[in-house]
Amino acid sequence: MQDNLDSMYRVSKGILTNEVDVEDAIQNTIYKAYKNIKSLKKDKYFKTWLIRILINESNKIYSKSKRIYSKAEEETYTIDKGGHIDLYNAISNLPEEFKVTTILFYFDDMSHKEIAKTLDIAEGTVKSRLSRAKERLYVMLKEK
């Protein structure tokens, strides 16, 4: 678990904006992983399995909390002292399917195949989502 905490944080933070919600999602994921570890068929897929649980937990929390947090709060950019938009915050403004795919690929160094397995989508879908995400990020960052 310890080896995957950074990856778990990045993925959950990509879905959720509130730190408390991120911590809850990670905690729920760890609990469910330990509880259901016997359902994991191959040890080499542990990270994929864990991230899938995390995405589901993060989505549950997001669904519950989206009524509480205002949309305007979620769509703010953080500008660093040099005047540049924080790339991670720009990524968090992408639609969810682009956001999660981008984080898994660029921040967690997962291959197209691993992402496809984790998200239960076709490998071609992963590639097209990454391409569209790059286009949207380019436009967002170019505007700012």
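Arg-10 is partly exposed, at a relative accessible area of 22%; here buried means under 20% relative accessible area, exposed over 50%, and partly exposed in between (1.4 Å probe, protein chains only). The areas themselves come from the Shrake-Rupley method with a 1.4 Å probe, and for residues only the protein chains shown count as cover. Before going further, please note that this is a predicted model, in which local features need pLDDT of at least 70 and side-chain atom pairs count only at pLDDT 80 or more, while totals for chains, interfaces and linings use all residues. Residues are numbered from 1 along each chain as its sequence is written, and side-chain values use heavy atoms, with hydrogens and water left out.

What does Arg-10 meet in a salt bridge? Its partner is the side chain of Asp-108, at 2.6 Å from N to O. Arg-10 belongs to helix 1 and Asp-108 to the loop between helix 6 and helix 7, so this pair ties together parts that are 98 residues apart in sequence. Asp-108, for its part, is buried, with a relative accessible area of 6%. A salt bridge here is a side-chain nitrogen of Lys or Arg within 4 Å of a carboxyl oxygen of Asp or Glu, and helices are DSSP runs (H or I, at least four residues; strands are E, at least two), numbered from the N terminus.

A search of the whole structure finds five salt bridges. One of them joins Lys-32 to Glu-57, with the closest N and O atoms 2.5 Å apart. This pair links distant parts of the chain, since Lys-32 sits in helix 2 (residues 19-35) and Glu-57 in helix 3, 25 residues apart. Lys-32 is partly exposed at 27% relative accessible area, whereas Glu-57 is buried at 5%.

Next comes Asp-120, which forms a salt bridge with Arg-52, the closest N and O atoms being 3.7 Å apart. Asp-120 lies in the loop between helix 7 and helix 8 and Arg-52 in helix 3, so parts 68 residues apart in sequence are tied together. Asp-120 is exposed, with a relative accessible area of 60%, and Arg-52 is partly exposed at 30%. Salt bridges that share partners also join Lys-32, Glu-57 and Lys-60 into one network.

Let's turn to helix 6. This helix covers residues 96-107, 12 residues in total, and reaches 16 Å from its first C-alpha to its last, close to the 16 Å expected at 1.5 Å a residue; the expected span is 1.5 Å times one less than the number of residues. Its buried residues are Phe-98, Lys-99, Val-100, Thr-101, Thr-102, Ile-103 and Leu-104. Their cover includes helix 1 (5-15), helix 3 (46-65), helix 5 (87-92), helix 7 (112-119) and helix 8 (123-143). Just after helix 6, Asp-109 takes a positive phi of about 50°.

Ile-103 deserves a look of its own. It is buried, with a relative accessible area of 1%. Leaving aside neighbours within four places in sequence, Ile-103 is in contact (heavy atoms within 4.5 Å) with Arg-10, Val-11, Gly-14, Tyr-88, Ile-91 and Asp-108. Ile-103 and Tyr-88 are 15 residues apart in sequence and 8.8 Å apart in space, C-alpha to C-alpha.

Finally, the whole chain. It has eight helices and zero strands, and 38% of its 144 residues count as buried. Among contacts between residues at least 6 apart in sequence, 62% join residues at least 24 apart. The chain exposes about 9000 Å², with carbon and sulfur atoms supplying 50% of it.
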